[in-house]
Amino acid sequence: MDERVHPEVRRIAEEIDTMEIRGAATIADAVARALRTQARESEATDPEMFRGELRAAARTLYETRPTAVSLPNALRYVLRGMSATTVEGLRQNVVDSADEFCARLERAQADLGQVGANRLRDGDVIMTHCHSTDALACVETAVKQGKHIEAIVKETRPRNQGHITARELHEMGVPVTLIVDSAARRYLNDVDHVLVGADAVAADGSVINKIGTSGLAVNARDRGTPIMVAAQTLKLHPGTMTGHTVDIEMRETEEIIDAETLAEIGNPTVKNPAFDVTPPRYVDAIVTERGQFPPESIVILMRELFGEGTTEPWAER
Ligand code: RI2
């Protein structure tokens, strides 16, 4: 562990790793705040030392979870503003960028919610997978517009984030039916929209989201149920414009089965991918704060946002 990294930053990195802090937008918010703490508390005596500390903090945060692109996008946003020539000036740069980033994130989610809500009609039933603050922003806005929305919520093994979705929808006054993941196809006939979030969106319009999303999307397409992905532009993956693929996080066996039960059944190999890739042909619309896009045209927005290329501030030593 790099000694220069502030204990609070290490704690946040640990909580992202163990998923106490989870969800792509929430992770982005947490890392921006972590960099702000590192900057505020820094005792660096010269600008190079300060920059080195911030890079080390960014690297610690970057190495926690590989799939949600909101994490590196947040690090880039906060660190790109380091233009001052004194430690005090740099500290202010980072604090200002982090504050601006968090405010923009909140605004983007509210704007996205308006766009997504317009796709929902009074009386619609949605089916959700996992827990996505971007997706729930669409429902919240629709409810505020006076629409009656009902939800069929998939529990989302292995970590049951569907329980969080069920609770938050209940708090909005949305009637919820909870189902196990394998019951999804059985209930798709009763559903007007599948509504999910995203951890990353690739340049070809593929959606990387919680494991099980792609199977749900294929089934929904088979039943003719529209699939809507709520993903603020923070989820767009710049690296995919130049041919990089999105790394899919593989998590611990223990999330699925305890060691004793595993031994009882003969210690089979266990695989626990956290995410999967839904090809663009199974997605009807990607809803962002900049409007809704058919997945195949999301690259136009990506060119506009990342046209000048991106940096990797955590990679510089
Ligand atoms: P918001 C989550 O991943 C889910 O896959 C969810 O759809 C996505 O992040 C986006 O969440 P995890 O952190 O940014 O639970 O919309 O593995 O909140």
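Let me start with helices α2 and α4: in this predicted model, the axes of α2, residues 24-41, and α4, residues 70-79, come within 8 Å and cross at roughly 30°. Since an angle under 35 degrees counts as roughly parallel, α2 and α4 are therefore roughly parallel to each other, and their crossing is right-handed. On the α2 side the residues involved are Ala24, Ala25, Ile27, Ala28, Val31, Ala32 and Leu35, and these meet Ser70, Leu71, Ala74, Leu75, Val78 and Leu79 in α4. Sorted by class, that contact between α2 and α4 has 12 nonpolar residues, 1 polar residue and no charged ones.

I would like to stay with Ser70 for a moment, which lies in helix α4. Is Ser70 buried or exposed? Ser70 is buried, with a relative accessible area of 0%, and a polar atom of its side chain lies 2.8 Å from the backbone oxygen of Ala24. If we leave aside the neighbours within four places in sequence, Ser70 is in contact with Ala24, Ala25 and Ala28, and also with Asp199, Leu234 and Lys235. As a further spatial reference, the C-alpha atoms of Ser70 and Phe306 are separated by 14 Å, although these two residues are 236 residues apart along the chain.

Now to helix α5, residues 87-119, whose axis comes within 8 Å of that of α4, the two crossing at roughly 135°. That angle makes α4 oblique to α5. The contact is made by Ala74, Tyr77 and Val78 of α4, together with Val94, Ser97, Ala98, Glu100, Phe101 and Arg104 of α5, and its residues divide into 6 nonpolar, 1 polar and 2 charged.

From α2 the contact takes in Ala25, Ala28, Asp29, Ala32, Arg33, Leu35, Arg36, Ala39 and Arg40, and from α5 it takes in Arg91, Val94, Val95, Ala98, Asp99, Phe101, Cys102, Leu105 and Gln109. The residues of this contact of α2 with α5 divide into 11 nonpolar, 1 polar and 6 charged, whereas the contact of α2 with α4 has no charged residues.

At 9% relative accessibility Pro313 counts as buried, and its C-alpha atom is separated by 9.4 Å from that of Ala56, 257 residues away along the chain.

Next, His129, which is found in the loop between β1, residues 125-128, and α6, residues 133-144. At 3% relative accessibility, His129 counts as buried. Which polar partners does the side chain of His129 have? One is the side chain of Lys154, with which it makes a polar contact at 3.3 Å, and another is the backbone oxygen of Ile211, which it reaches at 2.8 Å. With residues up to four places away in sequence not counted, the residues that His129 touches include Thr156, Asp181, Leu195, Val196, Lys210, Gly212, Thr213 and Leu216.

Finally, some notes on the backbone. The peptide bond from Arg157 to Pro158 is cis, with omega near 0°, and Pro158 sits in the loop between β2, residues 150-154, and α7, residues 162-172. Met19 has a positive phi of about 70° although it is not a glycine; Met19 lies in the loop between α1, residues 7-17, and α2, and it is buried, with a relative accessible area of 6%. Asn267, which is not a glycine either, has a positive phi of about 45°, and Asn267 lies in the loop between α10, residues 259-264, and β8, residues 275-278.

How values were computed
Residues are numbered from 1 along each chain as its sequence is written. This is a predicted model: local features need pLDDT of at least 70, side-chain atom pairs count only at pLDDT 80 or more; totals for chains, interfaces and linings use all residues. Side-chain values use heavy atoms; hydrogens and water are left out. Axes are lines fitted to C-alpha atoms, for helices over the stretch in contact, and angles run from 0 to 180 degrees between N-to-C directions. Helices (H or I, at least four residues) and strands (E, at least two) are DSSP runs, numbered from the N terminus. Angles under 35 degrees count as roughly parallel, over 145 as roughly antiparallel, 65 to 115 as roughly perpendicular and the rest as oblique. A crossing is left-handed if the near helix is turned anticlockwise from the far one by less than a right angle, and right-handed if clockwise. Contact means heavy atoms within 4.5 Å. Ala, Val, Leu, Ile, Met, Phe, Trp, Tyr, Cys and Pro count as nonpolar, Asp, Glu, Lys and Arg as charged, and the others, Gly among them, as polar. Buried means under 20% relative accessible area, exposed over 50%, partly exposed in between (1.4 Å probe, protein chains only). A polar contact is a pair of N or O atoms within 3.5 Å; within protein, one must be able to donate a hydrogen and the other to accept it, and residues adjacent in sequence count only if both atoms are side-chain atoms.
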